[in-house]
Amino acid sequence: MQTLKNSVILITGANRGIGQSLVKAALEKGAHKVYATCRDLSKMPDFGDERVVPLALDITNASQVANVLKATTDIQVLINNAGVLNAGTILNGERSTIEQDMEVNYYGTLNMMRAYATVLENNSPSRIINITSIVAYSPLPSIAGYAASKAALLSATYSVRIELAKKGVTVHAVNPGAIDTDMNKGSDWDMPSPDIVAQTILDKVENNELDIIPEEIGLGMYNAWKESPSKLAEMFHNMYHNN
Ligand SMILES: NC(=O)c1ccc[n+]([C@@H]2O[C@H](COP(=O)([O-])OP(=O)(O)OC[C@H]3O[C@@H](n4cnc5c(N)ncnc54)[C@H](OP(=O)(O)O)[C@@H]3O)[C@@H](O)[C@H]2O)c1
């Protein structure tokens, strides 16, 4: 499968932010059906398109994952977008919020990959698209629990990429820097809209790029990291101490 045209796609956290934009971008790509999932269906926007099938799904809830799986065994593309971000350092952050970041971003996404691996294999060629973050490469200390959860997710994404490589399932890691969503409320950075970023993500997926950095802020950070991991660490150190 090269393009997303006529494909059946499931997106988590589809009620707002990047997830909502990914639903719209998938429709524009000519998807046959989009399962738009979110925790609270009363918050799901009306996409005005009968190809959208809204479903309730909290990715940390094993029985909900199992029920949604039963109703969506026709998918070829799983987009693991749902995530949370809590502020706090490793030394002084609330332990409970560090655990919540891990529970949703890492274990929640693991739940989805483990539940859908066989379905995706059966429906191959197929794809898993995990939205991680540029902080998976290097932690920003003010959001250290989030960074650790995304580093864990990036590692798991790479493992699953190898596990499924011979089974017709392509596994993409999307590592954005900063996008203008609720997650970045209060930030004064000049950030791209989630609509633009979602289109870029799906363009790059169709182009078979495995590791996707969909916007300029993330690209700048990634290039610094590529030059030398300590360079990105120093950028984050400066941002942290300037706050
Ligand atoms: N914005 C950025 O700059 C940025 C950068 C790098 C990576 N990312 C990643 O991109 C993804 C989307 O972020 P966003 O910016 O669109 O954030 P957002 O606007 O805060 O949206 C987060 C989405 O995740 C959902 N969610 C949270 N916990 C969930 C759970 N347990 N089960 C199912 N859904 C859950 C939320 O649902 P509710 O409405 O019910 O809370 C919401 O739909 C996240 O994985 C985030 O880490 C974002």
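For a nitrogen atom of the ligand, I noted a polar side-chain atom of Asp 58 at 2.9 Å. The protein buries 95% of the 890 Å² that the ligand exposes when taken alone (Shrake-Rupley method, 1.4 Å probe).

This is a predicted model, in which local features need pLDDT of at least 70 and side-chain atom pairs count only at pLDDT 80 or more, while totals for chains, interfaces and linings use all residues. Residues are numbered from 1 along each chain as its sequence is written, and side-chain values use heavy atoms, without hydrogens and water.

I next checked confidence (pLDDT, the predictor's value for each residue, from 0 to 100). The protein has a mean of 96, with 99% of its residues at 70 or more. Confidence is lowest in helix 7 (residues 229-242), at a mean of 88, and highest in strand 2, at 99 (DSSP runs: helices H or I of at least four residues, strands E of at least two).

I then examined Val 23. Neighbours within four places in sequence aside, Val 23 is in contact with Ile 11, Ala 14, Val 34, Ala 36, Phe 47 and Val 52 (contact: heavy atoms within 4.5 Å).

Key. Polar contact = N/O pair within 3.5 Å; in protein donor to acceptor, adjacent residues only side chain to side chain.
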